Amino acid sequence: MVTTDAVTICPATPADVAAIAGIFSHYVLNSVATFEETPPSKADWWRRIDGLAARGLPFLAAKVGDEVFGFAYVAPWRSKPAYRRTVEDTIYLAPDATGRGVGRALLSALLRQCGERDVRQVIAVIADSGDPASAALHRWAGFGEVGRLRAVGHKHGRWIDTVLMQLDLGGRRVGRERPAG
């Protein structure tokens with residue numbers, strides 16, 4: 001069992017790449033959470049981590065001890081220069097780590113680091129698979145739904161919408177306060 005008290009959020013390292021590749025492969029092969037159809041290799045993942053670090057963008061791992069239970073990163077939203085302060089987030093958890101606060105810990109740390117790096121807007125592109133967990137996590141962090149793209153992905157024999165969510169980091173706190181009482 002994973003608890004948030006035991007989870008450490010830290011920059012992903014070369015030692016984490018195999019676990020990251022394994023977590024993501026699960027979603028590529030068994031779900032519509034990603035529109036990838038072929039799992040990226042460990043070398044692909046290392047290039048992604050290294051490339052984002054070169055841009056000053058965070059790529060984080062959630063660990064208990066040395067075991068990776070999830071990862072999150074941001075990448076440029078679009079390549080045009082005017083979008084340079086807008087990023088798209090990505091977050092995936094090991095299947096046995098869901099529902100235990102690991103996603104909240106990862107997303108909170110990711111957004112905090114974005115705020116320290118001159119990022120203004122964070123976009124989430126969420127496959128509308130019927131599982132509300134990702135959208136709920138993003139709503140918890142203050143994201144609002146700003147659009148829907150209908151039937152833009154086709155995977156595992158079905159058409160899938162994507163939901164677009166956005167967070168303006170200009171002065172916003174991550175996570176909603178619970179009402180007293």
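Leu149 is partly exposed, at 40% relative accessible area; by that I mean between the cut-offs of under 20% for buried and over 50% for exposed, with a 1.4 Å probe and protein chains only. You'll find Leu149 in strand β6. Helices (H or I, at least four residues) and strands (E, at least two) are DSSP runs, numbered from the N terminus.

A quick word on what we're looking at: it's a predicted model, so local features need pLDDT of at least 70 and side-chain atom pairs 80 or more, while totals for chains, interfaces and linings use all residues. Residues are numbered from 1 along each chain as its sequence is written, and side-chain values use heavy atoms, with hydrogens and water left out.

Okay, staying with β6. Strand β6, residues 144-155, runs antiparallel to β7, residues 158-168, with 8 bridges joining them; strands pair if DSSP finds at least two bridges. They make a hairpin with 2 residues between them, and His156 in the turn has a positive phi of about 50°. Gly153 sits opposite Ile160 in β7.

There's also a salt bridge here, meaning a Lys or Arg side-chain nitrogen within 4 Å of an Asp or Glu carboxyl oxygen. Asp161 pairs with Arg148, closest N and O atoms 3.1 Å apart. Asp161 is in β7 and Arg148 in β6, 13 residues apart. Asp161 counts as buried at 18% relative accessibility, whereas Arg148 is partly exposed at 30%. Shared partners join Asp128, Arg148, Arg150 and Asp161 into one network.

How many salt bridges does a search of the whole structure find? It finds 7. Another is Arg47 with Asp44, at 2.5 Å between the closest N and O atoms.
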